[in-house]
Amino acid sequence: GSVAAEGEGEAAASEGEGEAAASEGEGEAAASEGEGGGEGEGEGGGAAIDPDVAFLTDLGFMEGHLRAGLALYEAGDLSAAKTHMGHPIEEKYEAVAKRLDQLGYGDLREQISALAAAAEAEDSYEKIAEMFGKVRQTHEEVRTNFDAADQLKSFAALTRVAADEYAIAVEGGTLANVKEYHDAWGFMRVIEAEAGELAASDDAKASDAAAAIVEQVEAAGSAFGDLQGQGDYEKDPSILYAAAARMELASLGAE
């Protein structure tokens with residue numbers, strides 16, 4: 001339908017404007033979606049993204065960087081790991097700070113800062129993983145304040161962000177920017193984990209929609225090789241844009 005068509009259109013646009021997108025960089029591109037002033041996520045044309053969905057998308061954005069950082073740390077790529085661990089505070093936290101304070105989770109800033117500092121200090125992987133676990137636990141508690149439909153919509157929105165980053169990563173059909181590839185990889189891992197949990201929900205509508213989203217994460221796996229972008233895979237952003245459009249349709253079923 002129209003959402004899928006829009007997804008493909010965006011894919012084409014993002015490929016055509018690779019340099020423009022690259023110059024915006026991660027932070028701004030994601031921030032435009034994340035702060036409620038974005039282009040709308042296919043919900044009623046030009047409508048701005050719902051503030052709750054935007055907040056949840058930003059939360060996933062931060063966790064995606066941390067997931068990528070954790071995996072890179074475990075793999076021994078400490079330099080890349082440090083970069084990704086630092087990005088949630090540097091690029092995104094201010095967009096979510098006020099809402100987190102209102103919900104009573106203002107201490108998340110300190111948790112993420114401590115995790116980034118531990119990575120910089122090259123602490124043991126076990127310590128880093130334990131600290132990440134605490135951050136994720138806080139994220140999980142924050143998410144309980146939002147209904148399943150908004151969480152599911154945020155997965156579609158985060159997949160669009162992943163697609164935008166991925167389009168920069170594979171510009172020209174080759175892996176041109178592994179950092180953006182790591183971002184897209186990390187965002188998809190968040191969606192996989194969170195949608196997987198919702199798929200086990202007692203709410204049949206939410207469970208079915210979440211299971212459909214997990215299927216889309218699996219389908220989008222054809223756009224990824226290993227953690228560092230090695231291997232044989234399709235370097236095609238439209239795979240992710242199409243997955244985002246299908247997730248969006250699936251999320252509507254949970255309302």
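The model is a predicted one, in which local features need pLDDT of at least 70 and side-chain atom pairs count only at pLDDT 80 or more, while totals for chains, interfaces and linings use all residues. Residues are numbered from 1 along each chain as its sequence is written, and side-chain values use heavy atoms, with hydrogens and water left out.

Arg143 and Glu140 are joined by a salt bridge with the closest N and O atoms 3.0 Å apart, a salt bridge being a side-chain nitrogen of Lys or Arg within 4 Å of a carboxyl oxygen of Asp or Glu. Both residues lie in helix H6, 3 residues apart, about one turn of the helix; helices are DSSP runs of H or I with at least four residues, numbered from the N terminus. Glu140 also forms a salt bridge with Arg136, at 3.7 Å between the closest N and O atoms, and because Arg136 and Glu140 are 4 residues apart in H6, about one helical turn separates them. Salt bridges that share partners join Glu63, Arg67, Arg136, Glu140, Arg143, Glu194 and Glu197 into one network.

We turn next to the nonpolar residues. The largest nonpolar core has 71 residues, of which Tyr166, Met188 and Phe224 touch the most other members; such a core is a set of buried Ala, Val, Leu, Ile, Met, Phe, Trp, Tyr and Cys residues joined through side-chain atoms within 4.5 Å. Helix H7 gives the largest share of this core, 12 residues. Beyond its neighbours within four places in sequence, Met188 is in contact (heavy atoms within 4.5 Å) with residues including Thr159, Phe224 and Met247.

The buried residues of H5 are Leu108, Ile112, Leu115, Ala116, Ala118 and Ala119, and they lie on the same side of H5 because they cover an arc of only 160° around the axis, the arc being that of the directions from the helix axis to the C-beta atoms. On the other side of H5, Glu110 and Glu120 are exposed, whereas what covers the buried residues includes H3, H4 and H6.

Technical notes. Buried < 20%, exposed > 50% of the residue type's maximum accessible area, 1.4 Å probe, protein only. Helix = DSSP H or I, 4+ residues; strand = E, 2+ residues; numbered from the N terminus.
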